[in-house]
Amino acid sequence: SLAEQFELELKKAQASVIPDGMSEEEILKEAASLSYSGRYQEALVYYDALLARMADRPDTAVDKKHRLRMLLLRINCLVHMSHYVAAQEATEEVMDMSPLSVEERLLALQYFTICCFRRGRYTIASLALDEAEQVASRLEDSRRAIADLPMTRGNIYVAMDNPQKAIPVYE
């Protein structure tokens with residue numbers, strides 16, 4: 001929404017400036033540290049700075065994968081900041097990129113599902129979750145997905161006023 005975009009731009013302008021001398025590796029390390037400590041707005045500024053630097057150079061296969069990783073980390077910050085419209089738009093952009101690994105596709109679908117759920121678009125969230133479950137079945141180690149996806153499905157059932165369907169999912 002316009003309000004979300006305005007707020008993000010305002011906070012970016014108010015954020016501390018990233019020193020020019022910082023390498024991309026240092027920026028990424030600082031962004032990860034900020035994100036892990038729950039300082040998502042500040043981490044978002046660092047991810048945006050990194051993405052801006054990457055946009056100034058020719059694309060290579062390594063850069064494309066690195067950019068994709070930065071976009072997913074940026075979406076994570078947006079989701080934690082409750083900027084679901086901006087996060088959903090960014091997730092749609094990521095899902096249009098190709099090729100995505102199974103893990104990247106699953107993560108993008110999970111973010112998309114969360115955004116739809118939080119925006120009250122339960123049917124779309126449920127459909128995205130169906131696809132996420134299919135993608136998760138292709139993972140070699142899907143323990144995390146096995147835990148996350150059913151919990152999300154249960155939350156969707158509860159939000160759709162169908163707690164009877166949610167109970168077996170939570171068990």
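Author: We begin with burial: a residue is buried under 20% relative accessible area, exposed over 50%, and partly exposed in between, using a 1.4 Å probe and protein chains only. Cys77 has a relative accessible area of 0%, so Cys77 is buried. This is a predicted model, in which local features need pLDDT of at least 70 and side-chain atom pairs count only at pLDDT 80 or more, while totals for chains, interfaces and linings use all residues. Residues are numbered from 1 along each chain as its sequence is written, and side-chain values use heavy atoms, with hydrogens and water left out.

Reader: What percentage of the 171 residues in the protein is made up of buried residues?

Author: Buried residues account for 42% of the 171 residues.

Reader: How many disulfides does a search of the whole structure find?

Author: A disulfide is a covalent bond between the sulfur atoms of two cysteines. The cut-off used here is a pair of cysteine sulfur atoms within 2.5 Å. A search of the whole structure finds zero disulfides.

Reader: How should I read a salt bridge, and how many are counted here?

Author: Side chains of opposite charge can pair when their charged atoms come close. The rule asks for a side-chain nitrogen of Lys or Arg within 4 Å of a carboxyl oxygen of Asp or Glu. By this rule the count is seven salt bridges. One of them joins Glu104 and Lys65, with the closest N and O atoms 2.9 Å apart. This pair links distant parts of the chain, since Glu104 is in helix H6 (residues 102–118) and Lys65 in helix H4, 39 residues apart. Glu104 is buried at 15% relative accessibility, whereas Lys65 is partly exposed at 38%.

Reader: Which parts does the salt bridge of Glu93 and Arg67 tie together?

Author: The side chains of Glu93 and Arg67 meet at 3.6 Å, N to O. Glu93 lies in helix H5 and Arg67 in helix H4, so the bridge ties together parts 26 residues apart in sequence. Glu93 is partly exposed at 40% relative accessibility, and Arg67 is partly exposed at 30%.

Reader: Is Arg153 buried or exposed, and what does Arg153 touch?

Author: Arg153 has 9% relative accessibility and therefore counts as buried. Arg153 lies in helix H8 (residues 143–159). Not counting residues up to four places away in sequence, Arg153 touches Ser126, Leu129, Asp130, Glu133 and Val169. The side chains of Arg153 and Asp130 meet in a salt bridge of 2.6 Å, N to O. That pair links helix H8 with Asp130 in helix H7, 23 residues apart. Salt bridges that share partners join Asp130, Glu133 and Arg153 into one network.

Reader: Where is Ser82 found, and what is the value of phi there?

Author: Most residues other than glycine have a negative phi, and most peptide bonds are trans. Ser82 has a phi near 65°, a positive value in a residue other than glycine. Ser82 is in the loop between helix H4 (61–80) and helix H5 (84–96), and is partly exposed, with a relative accessible area of 41%. Asp161 also has a positive phi, near 60°. Asp161 is found in the loop between H8 and helix H9 (163–170), and is exposed, with a relative accessible area of 68%.

Notes:
Helices (H or I, at least four residues) and strands (E, at least two) are DSSP runs, numbered from the N terminus. Contact means heavy atoms within 4.5 Å.
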